Structure formats: structure tokens, C-alpha cells
Amino acid sequence: MSPEPLGTPSDESASSPRQASDVELLRAIAGGSEPAFEELRGRYRRAVDHVCRGVAGSEREDCEQEVFARVWGKAALFDPARGSAAAWLLTLARRTALNQLAARRPPTPVDQEPLAGAVEPTAVDAFWLEAALARLSEHQRTVIELAYYGDLSERAIARRLRAPLGSVKSWKRRGLNRLATLLEEESP
């Protein structure tokens, strides 16, 4: 039996319309089907609203918008072997809400006192390093300083900053890439 486009009646469903499963909808969305997207959105709008309201609070509308934008862009990544479509979608909603919450919260400032056992670069290297660190975003700089000067793991940094672990990892990776680029510019 070959798959039919969403909304096309088959001989067996001509008498009673068959509702597409969530998996079928996600596959159709991955193929660019707007009717499938609207159907899935209609099914899960209230559940996503509940997750966003519980985590993101007053920013729930932005959260919902972002969740469904991600569903549109990431539907092809859904793997039914790893779990249900509902679990995938609600996990996506929760992660999106947590990321938005973390983005609104200012990072906890790092103490300016050097920690015991911290490595001190030479004076010239320290000048270029401090100049490059100053050009990073506040999140990136904070995570890198905690990781390298404070000798903290990514998980410990996430706890200290009260941010999702995935965000900490992203800030660190992006910050290190940017730092390498900035320090290359300064090398003769």
C-alpha cells in the first residue's frame, strides 16, 4: 500500500474519513504539508500552552510560537522508534520554554577573586586573552571563566548559573570558537 497525500480519500476511507495519526502528520509536515501542520497544531495547541504557561509564564505566547516553529523545522528529526509523537512534541515544548526562561535570566556574576589552583597566564598572553574575553557575550565569557579559571564542569556551571545544561554547552562551544578566532587575529 503506497502512502497517500494528506486529505486524499482512499477507496476504503471514502465512506468514513480516517484521521491521520500524529506520526503521519509529522511525516507530512517534514514534507512541507501546511494542512498537516495545522491539524497537529490544533491537536496539541492546549497541551503546548499548558507547558509554556507552566515554565515560561507571561512569555507563553512567544514560547508557543517558537515551539510550533521548531515543529515545522524539525519534524523530519522525529523518530517513532524512540517514543511517541506526543512525547517528542511536549519535550520540545518544555525545552523551548526552559531555553526562553534561561535567556531572560541574567547570568550570575563570577567572583573576581582568583580561585585556588587557578592557572595564571603570562602578562602578555593575559592582556590578549582578557581583550578577547571582553569581546564575547556575557553568557559565553561567564561559562568559559567558570570552566577554565574556576575548574568547574559543565554540569556544575549549569547548576551555578541556573541554566539548562544544553545552553551551557552551547555557550561554551560558541565562546571557545569565537575566542580562537579573536586570538588568531592577534597573533603575528
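This is a short tour of the model in your viewer, one selection at a time.

**Before you click**

You're looking at a predicted model, where local features need pLDDT of at least 70, side-chain atom pairs count only at pLDDT 80 or more, and totals for chains, interfaces and linings use all residues. Residues are numbered from 1 along each chain as its sequence is written, and side-chain values use heavy atoms, with hydrogens and water left out.

**Stop 1: the whole chain**

Show the protein chain as a cartoon: there are 8 helices and 0 strands. Helices (H or I, at least four residues) and strands (E, at least two) are DSSP runs, numbered from the N terminus. Switch to a surface, and the chain exposes about 12300 Å², with carbon and sulfur atoms supplying 51% of it; accessible areas come from the Shrake-Rupley method with a 1.4 Å probe, and for residues only the protein chains shown count as cover. Of the 188 residues, 32% count as buried. Buried means under 20% relative accessible area, exposed over 50%, and partly exposed in between (1.4 Å probe, protein chains only).

**Stop 2**

Select V71, in helix α3. At 0% relative accessibility, V71 counts as buried. Which residues does V71 touch, leaving aside neighbours within four places in sequence? Show L26, I29, F37, L40, W88, L89 and L92, all in contact with V71, where contact means heavy atoms within 4.5 Å.

Now widen the selection to the largest nonpolar core, which has 24 residues. Such a core is a set of buried Ala, Val, Leu, Ile, Met, Phe, Trp, Tyr and Cys residues joined through side-chain atoms within 4.5 Å. L26, I29, L40, V48, V67 and V71 have the most contacts inside this core. Colour α1 (22–30), α2 (34–56), α3 and α4, the elements that give two or more residues to this core; α2 gives the most, with 8 residues. Apart from this core lies another, of 9 residues, among them I157, A158, V168 and W171.

**Stop 3**

Head for α7 (residues 154–161), where A156, I157, A158 and L161 are buried. R162 follows α7 and has a positive phi, near 55°.

Next, pick K172 in helix α8. Is K172 buried or exposed? K172 is buried, with a relative accessible area of 16%. Leaving aside neighbours within four places in sequence, K172 is in contact with V143, I144, A147, Y148 and E154.

**Stop 4: the largest pocket**

Finish at the largest pocket, which holds about 630 Å³ of space. On a 1 Å grid over the protein atoms alone, a pocket is an open set of points where a 1.4 Å probe fits, with protein on both sides within 12 Å along at least five of seven lines; lining residues have an atom within 4 Å of a point. The volume is the space filled by probe spheres set on the points, which are joined across faces, edges and corners.

Select R82, W88, T91, L92 and R95, the closest to the centre among the 20 lining residues. Then colour α3 (60–74), α4 (85–104) and α8 (165–186), the elements that give two or more residues to the lining; α4 supplies the largest share, 9 residues. Colour the lining by type to see 7 nonpolar, 7 polar and 6 charged residues. Here Ala, Val, Leu, Ile, Met, Phe, Trp, Tyr, Cys and Pro count as nonpolar, Asp, Glu, Lys and Arg as charged, and the others, Gly among them, as polar.
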